[in-house]
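Hi there,

Here is the structure I promised to pass on to you. Have a look at it first, and then read my notes below.

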Amino acid sequence: MDLLDSIGGLSVDQFMRRHWQRAPLLVRGALPGFVSPIEPARLFDLAASEDVESRTVSVSGGRWTLAHGPFDRLPPRRRPGWTLLVQGVDLHDDAVAALMARFRFVPDARVDDLMISFATDGGGVGPHVDQYDVFLLQARGTRRWRIAPPAQGRGAVPALVPDVPLKLLADFEPTQEWLLEPGDMLYLPPGWGHEGTAVGECMTFSIGFRAPSRQEFLAAFLATAADEPGGPDPRFSDRGRAATVAPARLPEDLTERLRDWALDWRPSAARVDRFIGCWMTEPKAQVWFDTPAPLSPVRFERAATRDGLRLDRRTRMAWRGGTVFINGEAHDVPVAARRWLRRLADRRLLAAAECPRALAAPGVAAMLVGWHDAGWLRLGAAPAPPSPSP
Ligand code: SIN
Ligand code: CO
């Protein structure tokens with residue numbers, strides 16, 4: 001499936017300049033000929049799996065209930081007012097991953113996941129804001145969307161309804177409203193209030209984009225700071241200390257030493273940059289790769305030059321300068337090998353005809369066979385597109 005080349009009559013460049021992080025956009029018939037690549041029954045199966053993050057939200061008589069999966073049983077389809085939300089469907093379904101790849105005009109590092117919701121009539125998750133950019137693509141049935149601009153004022157935090165298991169906006173005053181039909185799509189920047197309500201049974205895809213906050217990044221980075229590579233790990237010592245008569249008092253020498261360790265600690269830019277690449281490509285906690293039978297380098301090269309290579313749909317790969325990052329690992333790559341690994345990362349595949357030259361580049365064959373054996377890289381062309389039923 002190809003990259004989207006236009007969004008509602010705008011080129012993707014125009015869309016990025018005018019709307020991305022700035023203003024909502026409703027697009028009728030966003031993906032011509034669009035048919036949902038996934039049926040509700042498949043979504044229900046995914047929601048029964050321990051490896052899949054899912055939840056239900058029900059509303060009845062103004063009362064909201066939230067439950068977390070996995071779900072052996074879901075409420076009956078004839079019961080109105082409930083929603084099933086399944087996160088990360090792109091990790092479990094090649095056709096859904098291919099649909100998400102159409103949005104790769106935004107860098108992979110910004111991509112979070114593709115969530116799918118199934119709702120019965122009147123179902124929804126209530127008025128709320130997300131910190132994510134999101135494309136809300138209507139996949140089946142009809143949904144009413146109502147939206148409201150972000151709370152005014154720098155750092156304004158919208159008030160929430162107390163005593164409900166969801167973060168519902170207390171003062172939701174929608175300024176625009178639409179009915180979305182299959183193939184229609186609504187782009188929302190972070191911070192916009194929104195409420196989607198199913199009109200009859202419906203399914204909605206949320207293609208969500210993450211943006212790390214300073215606190216999230218520093219918490220993750222500082223957690224790794226303790227693993228300073230190289231050199232002995234100095235330890236506090238107080239040989240010669242005089243006996244104390246105030247045993248609860250924090251020793252001044254201890255405080256000073258630890259404070260100095262903290263204040264003197266300054267990571268190099270190279271170290272921070274390396275961490276960023278690893279962190280950005282770290283798979284989510286619930287991601288598991290299926291490992292194939294390992295191949296000898298000779299058999300791997302023979303199969304790759306015959307069938308080509310493609311990244312597994314769960315693999316996160318990125319590059320910056322001479323470093324390639326894959327699933328949380330960093331690899332420094334010789335100059336002659338860079339273009340092949342960058343190409344693999346950008347296109348997520350190497351065609352069979354490219355493989356002889358790619359595998360001859362220094363270090364590449366060993367890297368690729370290792371990634372194949374880990375289940376990160378697959379032999380063969382992209383999986384055949386499914387033939388979904390409307
Ligand atoms: C939904 O699909 O019901 C909720 C999506 C969202 O509001 O982000
Ligand atoms: Co939302």
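**Helix H10 and what follows**

Helix H10 (residues 364–373) is largely enclosed by the rest of the structure, because 7 of its 10 residues are buried. Buried here means under 20% relative accessible area, exposed means over 50%, and partly exposed is in between (1.4 Å probe, protein chains only). Helices (H or I, at least four residues) and strands (E, at least two) are DSSP runs, numbered from the N terminus. The buried residues of H10 are Val364, Ala365, Met367, Leu368, Val369, Trp371 and His372. Just after H10, glycine 375 has a positive phi of about 85°.

Before you go further, please keep in mind that this is a predicted model: local features need pLDDT of at least 70, side-chain atom pairs count only at pLDDT 80 or more, and totals for chains, interfaces and linings use all residues. Residues are numbered from 1 along each chain as its sequence is written, chains are lettered from A and ligands numbered from 1 in the order in which they are written, and side-chain values use heavy atoms, with hydrogens and water left out.

**The ligand and the metal**

Which residues are around ligand 1? They are Met115, Ser117, Val125, His128, Asp130, Leu136, Arg143, Trp145, His194, Thr204 and Ser206. A residue counts as near if one of its heavy atoms lies within 4 Å of the molecule. This shell divides into 4 nonpolar, 5 polar and 2 charged residues.

Oxygen atoms of ligand 1 lie 2.7 Å from a polar side-chain atom of serine 117, 3.0 Å from an N or O atom in the side chain of histidine 128 and 3.5 Å from a polar side-chain atom of arginine 143. (A polar contact is a pair of N or O atoms within 3.5 Å.) Taken alone, ligand 1 exposes 260 Å², and the protein buries 95% of that; these areas come from the Shrake-Rupley method with a 1.4 Å probe. Strands S7 (111–119), S8 (133–148) and S11 (193–209) each give two or more residues to the shell around ligand 1.

The cobalt ion (ligand 2) has His128 (NE2), Asp130 (OD) and His194 (NE2) as its protein donors, 2.0 to 2.1 Å away. Donors are N, O and S atoms within 2.8 Å of the metal (3.2 Å for Na, K and Ca), and water is not among the atoms, so sites may look incomplete. In sequence, the donor residues are spaced H-x1-D-x63-H. Histidine 128 is buried at 13% relative accessibility, whereas aspartate 130 is partly exposed at 28%.

**Salt bridges**

How many salt bridges does a search of the whole structure find? The search finds 20, where a salt bridge is a side-chain nitrogen of Lys or Arg within 4 Å of a carboxyl oxygen of Asp or Glu. One of them joins aspartate 184 to arginine 28, with the closest N and O atoms 2.7 Å apart. This pair links distant parts of the chain, 156 residues apart. Aspartate 184 is buried at 5%, while arginine 28 is partly exposed at 46%.

There is also a network of salt bridges that links Asp290, Asp312, Arg314 and Arg378. In it, aspartate 290 meets arginine 314 at 3.1 Å, and aspartate 312 meets arginine 378 at 2.9 Å. Both aspartate 312 and arginine 378 are buried.

Enjoy exploring!

How values were computed:
Polar contact = N/O pair within 3.5 Å; in protein donor to acceptor, adjacent residues only side chain to side chain. Nonpolar A, V, L, I, M, F, W, Y, C, P; charged D, E, K, R; others polar.
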